[in-house]
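Here is a short briefing on aromatic rings and their surroundings. Have the sequence and the model open side by side as you read.

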Amino acid sequence: MNSDHRNEEKSVSDEHLNDEAKHPGDRNKKKRLFLIIASAAAMLLAGYLVMEHVLSETDAESRYSPKMQKYIEVIDYDQNFMLAAQHDLLQELHVSDTSGEYELAVGGIIADEEKAVILYSVSGPDLKEHQDATDAIELIIDEDAPHSIGYGHTSLNEDETIIYQSIQLNMEHGELLPNELKLEMNINEQPLEVTFPVDHSQFAGMREHMDINKTIVIDNQTLTFHDMEITPLQTMIRMETDTENTKNINHLNGFRLTDNKGNHWAEISNGTNGSGDISSGSYIAYMDSIYFDKPDHLSIMLDGVSLSDKNLEFVLNTDTLEMVEAPDHRLKIAEIDRNQGYVYIQLEYNDPEESFNKPPYRVLRLLKEDNVFTDAAGIKYKITGSPQSAFSFGDNRTTLLYMVNIPNEDYEQPLTFEINEYSGKVDQKIEIPVY
């Protein structure tokens, strides 16, 4: 469960982690959440605990222009977007900008009050050669409102002259989508810019509120579910942990909505699925939308929770390459490497009791989100860039890898890092009736 709209700890595949993690200066410094839709894990996760809804080709052709069909194919993995399109929430736009041999076009947008997916294309010669430029496209929002952006990524063939892609925009809970958005990119020294409107009348009044007001206790830890809001693209459940809890509730295992017919709706698997921090207060979970599928009876289901003790930390010495202190034997140093202006640290977390290589493929958020660590003299420093995490698959379990870059300073050793989340699972099936 992501703890925040701008989650910074990125998960990458094991085979790509070294180049990505060891060269933070090569990455775009803007916070970008890349949605690798084609990955095997994402595809498995998208099919886990969700209902399948398909917008048929005949239905699509009857509702939208032939020119729109390629754009629609980009989001056919996502039941929320497809159902919204089926219910006429896809706004066809077909606005573009041309510079030299290249064109940037926005085909349309699917939106509700707080969320949108923008469908666009880039065309021109040698797109594979300029893939870095196509990946670096930016969605510009004039209003200074909290939001997160999920950028798609495409693997290009050598001879492709046009690609279709999508960008997701999530406003912070309670913030409305702007009336106007803009896409910008620069390809082969050719600047491209498309400004396009968001027609709020298309989704006006499409929001429902339900009170829940139910409190549960698991392993003496208290969690209250306050209410639920339903829009065409997501279901939002607001909850809060008790300030008197002695442990952090880090994750709700098997968290889903169910009806009396065996249907279920999971946390959103492609995009932002949470806002806030469940371990330390208020949290909003973003679930698949029930707006067009409202059942007669609805319940919240849990299989248990993941807990960890508060105030955990690990201590390491980057000079002697030693783990001085850790919560237990499961966390170890895999590698420490000094490279140019920073120190690369890779940690391993092994747990034979955890099945990290099974859905929903959740990676522990090991580090605190402020990315601060302290040396032996009490001086605080910031981690360079964003911490990253990955799976390294073993026989019957998964090793979790954590990659961190810190400034290459003359530290007073050892260095102390506060732990955000550590593994501790409590199994307890709970059903909370909503209506």
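Y381 counts as buried because its relative accessibility is 18% (buried means under 20% relative accessible area, with a 1.4 Å probe and protein chains only). This is a predicted model, in which local features need pLDDT of at least 70 and side-chain atom pairs count only at pLDDT 80 or more, while totals for chains, interfaces and linings use all residues. Residues are numbered from 1 along each chain as its sequence is written, and side-chain values use heavy atoms, leaving out hydrogens and water.

**Y381 and Y411**
- The ring centres of Y381 and Y411 are 4.8 Å apart with planes at 90°, so this pair is edge-to-face (Phe, Tyr and Trp rings, the six-membered one for Trp, pair with centres within 6.5 Å; planes under 30 degrees apart are stacked, over 60 edge-to-face, the rest tilted).
- This pair links distant parts of the chain, 30 residues apart: Y381 is in strand β25 (residues 380–382), and Y411 is in the loop between β27 (398–407) and β28 (415–418) (strands are DSSP runs of E, at least two residues, numbered from the N terminus).
- Y411 is buried too, because its relative accessibility is 5%.

- The structure holds nine aromatic pairs.
- F373 and Y381 are stacked, because their ring centres lie 5.6 Å apart and their planes are at 20°.
- F373 has 0% relative accessibility, so F373 is buried.
- Ring pairs join F314, F373, Y381, Y411 and F417 into a cluster.

How values were computed
Buried < 20%, exposed > 50% of the residue type's maximum accessible area, 1.4 Å probe, protein only. Helix = DSSP H or I, 4+ residues; strand = E, 2+ residues; numbered from the N terminus.
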